[in-house]
Amino acid sequence: MKTNMIKLYCFTAIFSNLILNAQTLNLTTPTPTSTTNGGSNSLALGANSGNNTFTGEHNVFAGFSSGNQNTSGNHNVFFGSTSGRNNTTGSSNLFIGSHSGYNNTTGAENVFVGFTAGQSNTTGEWNTFIGRSAGDKNSTGSSNSFFGGMAGFNNTTGSSNTFIGNQAG
């Protein structure tokens, strides 16, 4: 049986699949619908955040429904409402901003920063999208670098592209 431990008196905390429900401010251990809850060393903050993490480890999900569908993805950091919501097995992703990486399922090693950045990405890997809606429609394209508001916005499957500037590409 896994245990969660918080040592407030010495400011040391060890988290093992710990969820902070922002609505009630209760610390609770998630109760997934599966019987194979083997994930550990993950932190979820916000309602529905990380709800389905069964074997995924070393994740941080912050914001309403961030990382909600993550089952076995590891080493992910999702900050913002619904960021990485549909991620299931994708690992080593960093999504910062509301709806960033929303539809990512198996894509790995992506960095999406900005409101809706990379929100349509499903399986694309090794992408870096920085800026509001950068790479918004990218679904399977890989190895892309988009910098600027709406940079690479309409790219869906193209790979190995670099777009710099507002609405570039």
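## Burial and surface

A residue is called buried when its relative accessible area is under 20%. In this predicted model, 43% of the 169 residues in the protein chain are buried. The accessible surface of the chain comes to about 7,900 Å². Carbon and sulfur atoms hold 57% of that surface.

## Fold

The protein chain has 12 strands and 0 helices. Its pattern along the sequence reads β-β-β-β-β-β-β-β-β-β-β-β.

## Confidence

Mean pLDDT for the protein chain is 83. A pLDDT of 70 or more is reached by 77% of the residues.

Residues 1-38 are another matter: pLDDT stays under 50 there. The model still has 65 contacts beyond four places in sequence for this stretch.

## A look at Phe147

Where does Phe147 sit? It is found in strand β11, which covers residues 145-147. Is Phe147 buried, partly exposed or exposed? Its relative accessibility is 34%, so Phe147 counts as partly exposed. That value falls between the cut-offs of 20% for buried and 50% for exposed.

Which residues does Phe147 touch, leaving aside neighbours within four places in sequence? The partners are Thr128, Ile130, Phe163, Ile164 and Gly165. Asn166 lies 19 residues from Phe147 in sequence. In space, the two are 7.8 Å apart, C-alpha to C-alpha.

Technical notes. Residues are numbered from 1 along each chain as its sequence is written. This is a predicted model: local features need pLDDT of at least 70, side-chain atom pairs count only at pLDDT 80 or more; totals for chains, interfaces and linings use all residues. Side-chain values use heavy atoms; hydrogens and water are left out. Helices (H or I, at least four residues) and strands (E, at least two) are DSSP runs, numbered from the N terminus. Buried means under 20% relative accessible area, exposed over 50%, partly exposed in between (1.4 Å probe, protein chains only). Contact means heavy atoms within 4.5 Å. Accessible areas come from the Shrake-Rupley method with a 1.4 Å probe; for residues, only the protein chains shown count as cover. pLDDT is the predictor's confidence in each residue, from 0 to 100.
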